[in-house]
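Let's take a friendly walk through this protein chain, one topic at a time. Keep the picture at hand as you read.

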Amino acid sequence: MKPYHIAMGVALAGAAALAVFGDNTPSSDIAEPVARPPKAAGAVAAVSAARSGKDGKATADAMILRLVPRAALVGDSADASFGAGEGVFLGQNWNPPPPPPPPRSQSNAPPPPPMAPPVPFNYFGKAVADGQWEVYLARGDKTYVVRNKTVIEGAYRVDRIAPPLMTVTYLPLNQVQQINIGAFD
């Protein structure tokens with residue numbers, strides 16, 4: 001048995017002895033109700049009562065004041081709000097200020113030409129069938145098996161399949177793009 005086990009056992013025995021043999025008699029002091037004078041309407045209610053302590057001396061008078069409205073303490077609700085970060089709930093913004101907008105040029109330069117969107121297909125395999133390459137593409141839940149000159153969704157045409165690249169043309173803008181399909185397997 002370790003020393004702290006002995007100390008805990010002695011403390012437990014002492015607590016049990018106090019519970020059994022301690023003074024369980026109720027106190028004889030009776031709390032008397034305080035006589036309150038009638039309140040005047042709208043005035044501060046003050047209650048004064050002389051109480052005697054155990055030594056027989058009078059204690060100081062107690063005064064209960066009327067509650068002050070919240071608007072008098074923190075102002076009207078229009079003065080401060082959580083969203084505005086004003087009033088009592090001030091906030092601190094540590095972010096740097098945004099950069100100034102670039103100066104607007106007055107040049108009559110034409111806008112840049114339209115660009116084809118990135119190829120929306122995911123490559124997931126290729127094979128040789130009947131002496132031609134077949135490439136397996138997916139877009140969302142649709143799967144496509146494409147060969148040379150195949151048009152996909154009316155927007156992309158497969159021009160050439162030569163691993164490691166497949167060349168497609170975006171038909172609305174007639175722009176050529178490439179998809180990496182990996183080396184020979």
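Phe124 counts as partly exposed because its relative accessibility is 48%; here buried means under 20% relative accessible area, exposed over 50%, and partly exposed in between, with a 1.4 Å probe and protein chains only. Tyr136 is also partly exposed, at 23%. Before going on, note that this is a predicted model, in which local features need pLDDT of at least 70, side-chain atom pairs count only at pLDDT 80 or more, and totals for chains, interfaces and linings use all residues. Residues are numbered from 1 along each chain as its sequence is written, and side-chain values use heavy atoms, with hydrogens and water left out.

Phe124 and Tyr136 form a tilted aromatic pair, 6.5 Å centre to centre with 35° between the planes. (Rings of Phe, Tyr and Trp, the last by its six-membered ring, pair if their centres lie within 6.5 Å; planes under 30 degrees apart are stacked, over 60 edge-to-face, and the rest tilted.) Phe124 sits in strand β1 and Tyr136 in strand β2, 12 residues apart. Helices (H or I, at least four residues) and strands (E, at least two) are DSSP runs, numbered from the N terminus.

How many bridges pair β1 with β2? Strand β1 (residues 122-129) and strand β2 (residues 132-139) are joined in the antiparallel sense by seven bridges; two strands pair if DSSP finds at least two bridges between them. Val128 has Trp133 in β2 as its bridge partner. The hairpin of β1 and β2 has two residues between the strands, and Asp130 in the turn has a positive phi of about 55°.

β2 also pairs with β3, again antiparallel, over five bridges.

Phe121 is in the loop between α2 (70-74) and β1, while Tyr144 is in strand β3, 23 residues away. Both residues are buried.

Phe121 and Tyr144 belong to one aromatic cluster together with Tyr156 and Tyr170. Arg139 lies over the face of Phe121, 5.9 Å from the ring centre; a charge sits over a ring if NZ of Lys or CZ of Arg is within 6 Å of the ring centre and within 35 degrees of the ring normal.

## A four-stranded sheet

Which strands make up the open sheet? Its order is β4-β5-β6-β7, with antiparallel pairing. At the edges are β4 (151-152) and β7 (175-180), each pairing on one side only. Six bridges connect β5 and β6, and Arg160 has Thr167 in β6 as its partner.

Thr169 lies in strand β6 (residues 165-170). Is Thr169 buried or exposed? Thr169 counts as buried because its relative accessibility is 2%.

## The nonpolar core

The largest nonpolar core has 16 residues, and Val135, Leu137 and Met166 are among those with the most contacts inside it. β2, β3 (142-146), β5 (156-162) and β6 each give two or more residues to this core. (A nonpolar core is a set of buried Ala, Val, Leu, Ile, Met, Phe, Trp, Tyr and Cys residues joined through side-chain atoms within 4.5 Å.) In soluble globular proteins, nonpolar side chains tend to be buried together.
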